[in-house]
Amino acid sequence: MSLDMSILHKNAIGVTDEESLKQFTYIEKAKGYVAELEKELGRKPTACVVTFGCQMNAKDSEKLIGILVSIGYESVETEDADFVIYNTCTVRDNADQRVLGRLGYVKSLHKKRPWMKTAICGCMMQEKTAVEKIQKSYRFVNLIFGTHNLYKFAELLCQMFESDRMIIDIWEKTDRIVEQLPISRKYSFKSGVNIMFGCNNFCTYCIVPYVRGRERSRTPKDIIRECEELAADGVKEVMLLGQNVDSYGIGLSDEDKISFPELLDEVCKVEGIERVRFMTPHPKDMSVDLIDAIVRNPKVARHIHLPLQSGSTEILKRMNRHYTKESYLQLVDLIREKLPDAAITTDIIVGFPGEKDSDVDETIDVVRKAGFDNAFTFIYSKRTGTPAASFEDQVSEEDAKRNFNRLLKAVQETARLQSGKLEGTVERVLVEDINEQDSNLVTGRMSNNTLVHFPGDESLIGTFVDVHLDECHGFYYTGTMV
Ligand code: SAH
Ligand code: SF4
Ligand code: F3S
C-alpha cells in the first residue's frame with residue numbers, strides 16, 4: 001500500500017544550473033497544455049507512472065511524478081489514467097515481457113479514449129531492438145525516451161503535446177547530472193538518494209552498464225544538500241543508491257573527492273536523518289574502512305546486501321566479478337566479527353553459461369557457510385549484447401531449473417536458521433504502514449531490514465518506536481510496543 005505522496009514542490013528560485021533553469025521554462029509551458037486538457041475534460045487530468053526494476057528506477061519515477069504534478073496532473077496508481085508512463089527494466093527477459101503485456105492492455109484503453117497518452121522510458125528503451133519493436137507493434141505510444149535524458153521530461157512533454165507523431169529521444173550516453181528538478185516522494189518519511197549513476201563493472205551477464213552508461217558520482221555537496229532538504233521535510237531514513245556504491249567517487253574533481261566510507265560519515269552527521277541504508281555494494285570494493293565506518297556510525301542500518309552471484313571461483317571469473325569464493329567468505333567473516341548484529345543478504349544467479357552441478361554445489365556451500373539471512377535467486381537470462389550471451393556453453397533450461405530448486409532449498413534452510421535470532425529482544429523500528437491484512441496492526445522495519453507487525457494506528461507511521469519481538473514467523477516478527 002502506498003502512503004500520501006510527499007511533494008517537494010520546487011520552483012526555479014535558487015536554481016543556478018543552466019539546464020535546470022531551461023527545464024523550468026518547459027515546466028511553465030507544459031502547464032499551459034495540461035490546463036487546456038483540464039478545460040476539455042472538465043476535470044483535472046490524471047497520470048500514472050508504472051515502475052519496473054530496481055530502487056534506481058523507483059527514484060527516477062519519483063522525478064517523473066514530480067514533473068507531472070508540477071505541470072498540473074493528478075498522480076494516480078491505476079493505468080486507466082489520461083497519461084500512462086512505463087518506466088522499464090531490462091535486467092532479465094521477464095521484465096521486458098511484463099512491459100509488453102501491459103502495453104497490450106493500454107492499447108485497448110487508447111481506443112476508447114482518444115485523448116489518452118502513453119510514454120515509455122527507462123532501461124529497456126536504451127536497447128535499439130526494444131524501441132524498434134514499439135515503433136512497429138505499438139504505434140499508439142506517444143513518447144519514448146531513455147535513462148540519460150530523463151531530466152528533459154518537461155521538454156519532451158511539450159514536444160509530445162505539440163505533435164501527433166511518436167516522439168523518440170534516446171541518448172547513447174551522457175556525462176552530465178542535472179540537479180534541483182522537482183520530485184514527488186512516495187513516502188513522507190523515507191527516501192532514496194542517488195549517489196552515483198551508471199556502472200563500470202561489466203559483469204559479463206549484465207545489461208546495466210549498456211543501458212545506464214558509465215559511472216558518474218554526484219558531488220558530496222549535492223548529496224548532503226539533498227539529505228538536509230529531506231530531513232527538513234520530515235524524512236528520517238535515507239537509502240544511498242548506486243550500482244556499486246563502494247566505488248563512489250569516480251569522476252569527482254580533486255576538491256570534491258571523498259570515499260564512500262567518508263560519505264557515510266557525512267550523511268550520518270545530517271540532523272534529523274536517523275537511519276542510513278545503502279544499495280548496492282560490490283564485494284570487490286567492500287573494504288575494512290567501509291565496515292569500520294558502519295561500526296562507528298550507529299545510524300547506518302545493520303543490513304548488508306552483498307551480491308554473491310556465484311560461489312564457484314571459476315564461474316565468478318567468467319562473470320568478471322573480481323573476487324573468489326574464499327575472498328567472499330573472508331569478507332563475510334569480517335562483517336560477522338565486526339558487525340555481529342548485521343543481517344547479510346545476497347543475489348545469486350543460476351544457469352550462467354558453463355555452470356556445472358559442481359559449481360552450484362560450491363554456491364550452496366557458500367550459502368551455508370555465509371548463513372545468509374535472505375537471498376534473491378535468479379535463473380540466468382541471456383541479454384543480447386553482453387559477453388555471456390555469446391558464450392558457447394549455455395546451460396539448458398532443465399538443468400538451470402533443477403539447480404535453481406536445489407539452491408532455493410539451501411537458501412530457505414539457512415534463512416530459517418538465521419530467523420528468530422532476535423526473538424524476545426527489543427528493537428527500534430521505523431513504522432512504515434498499516435498492516436495489509438489487519439488494520440489494527442502496523443508494520444515497522446528494523447535496522448536489519450526485517451519487518452515486525454504490532455498493534456498500533458496510523459499516527460505511528462513515519463515514527464521510530466521500540467518494539468518487543470514476541471514471536472518469529474519465518475521472515476517477519478509479531479511484537480508489542482514498549
Ligand atoms: N549492481 C548490483 C545489482 C544489479 S542487478 C550488483 O552488482 O549486484 C540486480 C541483480 O540482478 C544482480 O545482482 C543479479 O543477481 C541479477 N541479474 C543481473 N543480470 C542478470 C541476468 N542476465 N540474468 C539473471 N539475473 C541477473
Ligand atoms: Fe551489473 Fe555487475 Fe554493474 Fe551490478 S556491478 S550493475 S551486476 S555490471
Ligand atoms: Fe533494471 Fe535498469 Fe535497474 S535494467 S535493475 S531498472 S538499472
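Predicted model: local features only at pLDDT ≥ 70, side-chain atom pairs only at ≥ 80, totals over all residues.
Which element gives the largest share of the lining of the largest cavity?

**View 1. The largest cavity and the elements that line it.** The largest share of the lining, six residues, is supplied by α2, a helix that spans residues 55-70. Besides α2, both β10 (196-197) and α7 (220-232) contribute at least two residues each to the lining of this cavity. When the whole structure is searched, one cavity of 30 Å³ or more is found, and the space inside the largest cavity comes to about 630 Å³.

**View 2. The centre of the largest cavity and the make-up of its lining.** In total 35 residues line the largest cavity, and those that lie nearest its centre are Lys63, Ile177, Val178, Asn194 and Phe197. Sorted by class, the lining holds 15 nonpolar, seven polar and 13 charged residues. Two domains take part in this lining, since at least three residues are drawn from domain 1 (10-169) and at least three from domain 2 (187-279 + 287-292). Rolling a probe the size of a water molecule over the atoms is a way to show where empty space is left.

**View 3. The shell of residues around ligand 1.**

**View 4. Polar atoms facing ligand 1.** A polar side-chain atom of Arg92 is placed 2.9 Å from an oxygen atom of ligand 1, while a polar side-chain atom of Gln243 lies 2.8 Å from a nitrogen atom of the ligand. For Ser381, it is a backbone N or O atom that lies 2.8 Å from a nitrogen atom of ligand 1. Taken on its own, ligand 1 has 530 Å² of accessible area, and the protein covers 90% of it.

**View 5. The residues around ligand 3.** The shell around ligand 3 consists of Gly53, Cys54, Asn57, Cys89, Thr90, Val91, Cys123, Arg212 and Gln243. Four of these residues are nonpolar, four are polar and one is charged.

Definitions and conventions:
Residues numbered from 1 in each chain as written. Chains lettered and ligands numbered in written order. Heavy atoms only, no water. Polar contact = N/O pair within 3.5 Å; in protein donor to acceptor, adjacent residues only side chain to side chain. Areas by Shrake-Rupley, 256 points an atom, 1.4 Å probe, with all protein chains shown as cover. Near = heavy atom within 4 Å. Nonpolar A, V, L, I, M, F, W, Y, C, P; charged D, E, K, R; others polar. 1 Å grid on protein atoms, 1.4 Å probe; cavity = no way out; pocket = protein on both sides within 12 Å on 5 of 7 lines; lining within 4 Å. Points joined across faces, edges and corners; volume = space filled by probe spheres on them. Helix = DSSP H or I, 4+ residues; strand = E, 2+ residues; numbered from the N terminus. Domains from an automatic or database assignment.
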